[in-house]
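Student: I have a model open and some labels to go with it. Can we go through what each label rests on?

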Amino acid sequence: MSALGPVDFGVYLVTDGALADRHGIGVLGVVRAAVHAGVRIVQVRDKDASARDLLALTAAVADAVGDRARVVVDDRLDVALAARHAGHRVAGVHLGQSDVPVTAARALLGPDAHVGLTANTLQHLAAVERLPRGTVDLLGVGVVHPTATKADHPPALGHDGFARLAAATDVPCVAIGGVTLDDVGPLRAAGAAGVAIVSGICAAADPGSAAAAYVAAWGTGPGHGAEAGPSGDGDPFLQADAARHGADA
């Protein structure tokens, strides 16, 4: 645990272009509204985009909100590196189990970048424990419930399954997969360091109001205090950095 207290990522927005276009808002509109409402970490995700198109989207998102939110790229380390090389405020990458190794991402991105990893089994967590301290900043753990935004998802964990995995690692765990407003409090009580939201914000007619509702639900959940999260006085960027570099050592 960091000397600054538990790392709190709060509400973690994962973008979905098809959902964001339903109401003619688009990814940039959703992201701007969500960050204005208190979201402090945004994952740019588009499984079907070319590297060039994903780079353009990532750059646009980073230029729009990178001064107020941590912007990371889903899966594509090459895109994250290219965006950072071009001077855009991209914090890092979130990788899946079949993507490039997190050790390579850390080596290429550097010690101050953000490296996230999807994990949904005890075996995944055991592999993380064998890595050098500070390799991974965040684990995306799920799915909590079945979700249409990830057709090939593993079996749903539920709140209890998430709690078991979160308790088995010291790396902050963000719950993902079918998370609704009603799940936010129970997941925080189960040890979540944040909740990742896709359709709950991206598909909303008013994504700003939807994001604000999730932020409020997180802020009133168990463990809320002055040191925690975007709705408290603590800075999650600084908390994550302290956790990575072993401030409690």
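**Labels and their grounds**

Tutor: Start with a helix on the sheet. H7 lies across E6 and strand E7 (173-176), and runs at about 160 degrees to E7. Keep in mind that this is a predicted model.

Student: What makes the sheet a barrel, and how many strands does it have?

Tutor: The order of strands closes on itself. The closed barrel has 8 strands, running E1-E2-E3-E4-E5-E6-E7-E8 with parallel pairing. Neighbouring strands of this sheet are turned by 25 degrees against each other on average, direction ignored. The chain holds 11 helices and 8 strands.

Student: How do you know that strand E2 and E3 pair?

Tutor: Count the bridges. Pairing takes at least two. Strand E2 (residues 41-44) and E3 have 4 bridges, in the parallel sense. Take Ile41 as an example: its bridge partner in E3 is Arg70.

Student: And what joins strand E4 to E5?

Tutor: Again, bridges. Strand E4 (residues 92-95) is joined to E5 by 4 bridges, and the two run parallel. Leu95 has Leu117 of E5 as its bridge partner.

Student: Why is strand E5 called largely enclosed?

Tutor: Buried means under 20% relative accessible area. In strand E5 (residues 114-119), 5 of the 6 residues are buried, so the strand is largely enclosed by the rest of the structure. For the chain of 249 residues, 52% count as buried.

Student: Why are helices H4 and H5 called roughly parallel?

Tutor: Look at the crossing angle. The axes of H4 (residues 77-85) and H5 (residues 102-109) cross at roughly 10 degrees and come within 11 Å. The cut-off for roughly parallel is under 35 degrees. Therefore H4 counts as roughly parallel to H5.

Student: Which residues make that contact?

Tutor: From H4, Leu77, Leu81 and Arg84; from H5, Ala105, Leu108 and Leu109. By class, the contact of H4 with H5 has 5 nonpolar residues, no polar ones and 1 charged.

Student: What about cysteines? How many disulfides does the structure hold?

Tutor: The count is 0. A disulfide needs two cysteine sulfur atoms within 2.5 Å.

Student: Are Cys173 and Cys202 buried or exposed?

Tutor: Cys173 has a relative accessible area of 2%. Cys202 has a relative accessible area of 2%. The limit for buried is under 20%. So Cys173 is buried, and so is Cys202.

Student: How far from Ser209 is Ala33?

Tutor: Their C-alpha atoms are separated by 8.2 Å, although the two are 176 residues apart along the chain. In the chain as a whole, 63% of the contacts with a separation of 6 or more come from residues 24 or more positions apart.

Student: What makes the backbone at Asp75 worth a look?

Tutor: Its phi is positive, about 70 degrees, although Asp75 is not a glycine. Most residues other than glycine have a negative phi. Asp75 is placed in the loop between strand E3 (70-74) and H4.

Student: What kind of peptide bond joins Gly142 and Val143?

Tutor: A cis one, with omega about 10 degrees. Most peptide bonds are trans. Val143 lies in the loop between strand E6 (138-142) and helix H7 (158-166).

Notes. Residues are numbered from 1 along each chain as its sequence is written. This is a predicted model: local features need pLDDT of at least 70, side-chain atom pairs count only at pLDDT 80 or more; totals for chains, interfaces and linings use all residues. Side-chain values use heavy atoms; hydrogens and water are left out. Buried means under 20% relative accessible area, exposed over 50%, partly exposed in between (1.4 Å probe, protein chains only). Axes are lines fitted to C-alpha atoms, for helices over the stretch in contact, and angles run from 0 to 180 degrees between N-to-C directions. Angles under 35 degrees count as roughly parallel, over 145 as roughly antiparallel, 65 to 115 as roughly perpendicular and the rest as oblique. Contact means heavy atoms within 4.5 Å. Ala, Val, Leu, Ile, Met, Phe, Trp, Tyr, Cys and Pro count as nonpolar, Asp, Glu, Lys and Arg as charged, and the others, Gly among them, as polar.
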